[in-house]
Every structure is written in structure tokens, then in C-alpha cells.
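Here is a short briefing for a first look at this protein. Take a moment with the sequence and the model before reading on.

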Amino acid sequence: MKTSSPSFHSLSSRIIWRFCIFTLVISSIYGLITLSFMYTIEDSFIERSVAQEAKYLQSTFASTGTWPAPRASGMQLAFSVNELPHDIKSLAVEEPQRKEFFGQNGRHYHLYRFEDISETFLVAEVSEQLLVRPIRSGVIQFLVMSAATVTIIACLIAWFIGRRTTRPLKELANAVDGVDIATLSEQFSSKGFTYNKHYPNNEVGILAHTLDKTLKRIASAIERERRFTQDVSHELRTPLAVIKNAVEVAELNASSDEAVLQRIAHAVDQMNRTVETLLMLAREEHSAVRSQTVSLMPILEAAIIDNRLLLEGKSVEVDISDSCDIQVLAEPNVLKVILDNIVSNAFKYTLQGSVTFAMRDGALHVKDTGPGLQEDIAQSITQRGVKGKQSTGLGFGLSIVSRLCEHQGFTLDISSPSGTEVTLHFLA
């Protein structure tokens, strides 16, 4: 069953159409109010003139006892309902409070009832005094044209406002749509990518800022996942090689089963610690929660023992200073992985001479008499994939160490005056 994608509705078009409809409605209401006001003003002037004439007639009648003839043309006195014009007589009886009447042939009447004198009326036929009604069609036409003109102007303004309002949203959509998931980590993590658009300081700006932070977190997660897979493949090579070697030895020498099993068990334990450490590094977890005060010497000795096979057949002396017997603040498994990598590099590339371990000024100094670092990679040795010509690895080891040190709050320095010296500064 095919599902159709929802149709696209332009926000800019919606703003324009709603603004235009709103303006048209307001203009229509304003036109009706204007027309009603004109009628009201006209009626008030007519009623005022009729009331003034009625006042004159009544005051004259009160002083003389007889009714004078109305002064204004189109006005007449009626002394009973039967004397009213025939085209308003019935309505005047049915609606005794009504003042305004529409007669036949376009005639228009205003009726004034004397309050103190019953059955006496002043009838004013005011058709010739009307100003609004004769020009009503012209007024309506003018109001319609005015409403149309205002609506068109409002639509143009809405079009301009709509485009300016939605432009940042379109730019934001294009920026997000142009992000390649395959290179998301390079765009947001490695290069510190941020939107180079100047979004307004409103909801659009908040949305852009939120998307920027969200995409950076996604990029960071993708980068952590990628590094984790590479780190695992790198870190598990050594214990897997130990297990493979132990199995081969067991196959050749049946009498060494216990020693072989110990080596296998130790390698599996190392693998478990490594996987746990790398998983912790792959997650967004802060290391300060898990850090504790630990003895450096046992962990350092364990790292040396675990990597001792790298010194077989070499004339290399290992010297551990008593200054290393101190307490440091670290997560034990993370510190073990860091020291494993540092020790394995020192043992692997030192063919003869010595590897020394000493604490000075709150930092562990690991110095070997190996070939040292190549000048072209000395400044970038902790970056991923960077390795010397003599390296047989993938160039991930020191990158892992650098990230783990950053995770723990340590500082890592690598120099190569003669041989290589790695300095690991612990938290105070």
C-alpha cells in the first residue's frame, strides 16, 4: 500500500493570504461602519431640523391658540392619523414610536409626534434633503475600491514581510538539509563547524541555535562510535595475540597447561577492562564521578608485566623509581589502558638501552632510548592515524591515550630529545 507524502504548504504563502484576508475583512467592516455613520449623521441633521420646526409650531400655538403654517417646504401638520400620507398611515398605526418612514416613489418621511397634544403630527417629506441616499451607489463603489486598494497594498506588505520572515527558516532548512551524515562528524566536531548565517534574535534564532547544538551532539556521538570501533580493534589486538600465542604453546607443549591458562585468563581480563574503559569513553559520561585515589605503582607494574613479551630477545633494562610509589586521582581501568599504551610503545620501539619510570613534580616520566619521534610527525603524534615509518600499528594508540587523558583531566606531553619521553601530569 502506497502512502502519499503530506502536501507542502508554504509558510510565506499562508502569511500572505491570511494577512490579505484579514485586511479585506477589516476594510469591509470599516466600509460598513463608514456608510452607517454617514446615514446616522444625515438622519440626525434632518431630525434636528424637524424638531426645531416642531418647537416653533408648538410655541406659536401655545401663544396664539392657532397652528401656524410650517415654515419649511415639504412639511405639513396632520391633526389625526387619517390625515397622514396614505403610504405611511398603516405603518404609523402599527408602530407608534417609529419616526422614519419610506414611502412610495422614493419618498422619505420623518414624523414628529407632539407629546402634549394628542393626534397632532408634523410630517416632513425630506426626499429633497437627503444627501447620502442619492449618492449611495457611488459611496459604496468608492468604499469597495478603497478596500481593494488597501487590500492590494496590504498583500504587497505581507509578501515582503512573509519573505523576510521565512527567509531565515529557508536558509536554516537548506543548511540542515545540506549536512551529509557521512561527514557530519568532520563538519561539526573536527572543524568546529557553526552556522555562518546571522539569524534574528527570535524564535528562528533559538531554533537555529538548538539545531546547531543538536547536530553537534549527533556529530560527537557518531565520532565517538567511529572511534570506539577503531579503538576496540586496536586495543584488543594485543590480548588476542596473547591468547592465540598461548593456545599455540598449549598445542605444542601439553605440560604447560596451567601457565597457558593463566596467560589466557589474564588476557581475557585485560580485554574486559579495555572494553569497559572504551565503552565509558564512547559514552557522554564525566570521569570525575568514577575517579578515585589509587596507588600508581601496582598499576604501573601490571602494565610492565603485561607487555614484557615485547622485550623478549632485547637488551633493554627497565628501571622503576621508588618515586612512583604514590597515590594519584584516577579511574583505575582508564589509567591501566593509558599506561599499557605508553609502556607498550616504549618496549616495542626500544631495541637496546633502557626504559625508565620516575615521578617528578606530580608527573610520571617514561623515558626510553629508542629511535625517538620523526620530526615531521612530532607535533601531531597524538592525532588519529599518525604513525612513524617503523610503526606496524594503525596509529591509534597515542590518540586513545590523549583522549583518555583528556577524559580524566590529565595532561600528556611527548618529547624526543634523545629517544622518547612521555610525561603524564596527574590531577593535583
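How much accessible surface does the protein chain have, and what share of it belongs to carbon and sulfur atoms? The total is about 25,700 Å², and 57% of that belongs to carbon and sulfur atoms. Accessible areas come from the Shrake-Rupley method with a 1.4 Å probe, and for residues only the protein chains shown count as cover.

This is a predicted model: local features need pLDDT of at least 70, side-chain atom pairs count only at pLDDT 80 or more, and totals for chains, interfaces and linings use all residues. Residues are numbered from 1 along each chain as its sequence is written, and side-chain values use heavy atoms, with hydrogens and water left out.

**Overall build**

- The protein chain has 10 helices and 11 strands. These are DSSP runs numbered from the N terminus (helices: H or I, at least four residues; strands: E, at least two).
- The chain has 428 residues, and 38% of them count as buried. Buried means under 20% relative accessible area, exposed over 50%, and partly exposed in between (1.4 Å probe, protein chains only).
- Among contacts with a separation of 6 or more, 63% link residues 24 or more positions apart. A contact means heavy atoms within 4.5 Å.

**Surface patches**

- Patches are made of residues with over 30% relative accessible area and no salt bridge; like charges are joined within 9 Å, and nonpolar side chains (Val, Leu, Ile, Met, Phe, Trp, Tyr) within 5 Å.
- A salt bridge is a side-chain nitrogen of Lys or Arg within 4 Å of a carboxyl oxygen of Asp or Glu.
- A nonpolar patch is formed by Trp-17, Ile-21, Phe-22, Val-25, Ile-26, Ile-29 and Ile-33, with about 740 Å² of accessible area together.
- Ile-29 belongs to helix H1 (residues 11-64). Ile-29 is partly exposed, at 44% relative accessibility.
- A patch of positive charge on the surface gathers Arg-163, Arg-164, Arg-167 and Lys-170. Lys and Arg count as positive, and a charge is placed at NZ of Lys or CZ of Arg.
- Arg-163 sits in helix H3 (residues 136-177). Its relative accessible area is 41%, so Arg-163 is partly exposed.

**Loop residues**

- Ser-118 lies between strand S3 (108-113) and strand S4 (121-125), in the loop. Ser-118 counts as exposed, at 61% relative accessibility.
- Ser-118 and Ser-80 are 38 residues apart in sequence, and their C-alpha atoms are 8.5 Å apart.
- Leu-373 is in the loop between strand S9 (363-368) and helix H10 (397-408). With a relative accessible area of 23%, Leu-373 is partly exposed.
- Leu-373 and Pro-417 are 44 residues apart along the chain, with 9.0 Å between their C-alpha atoms.
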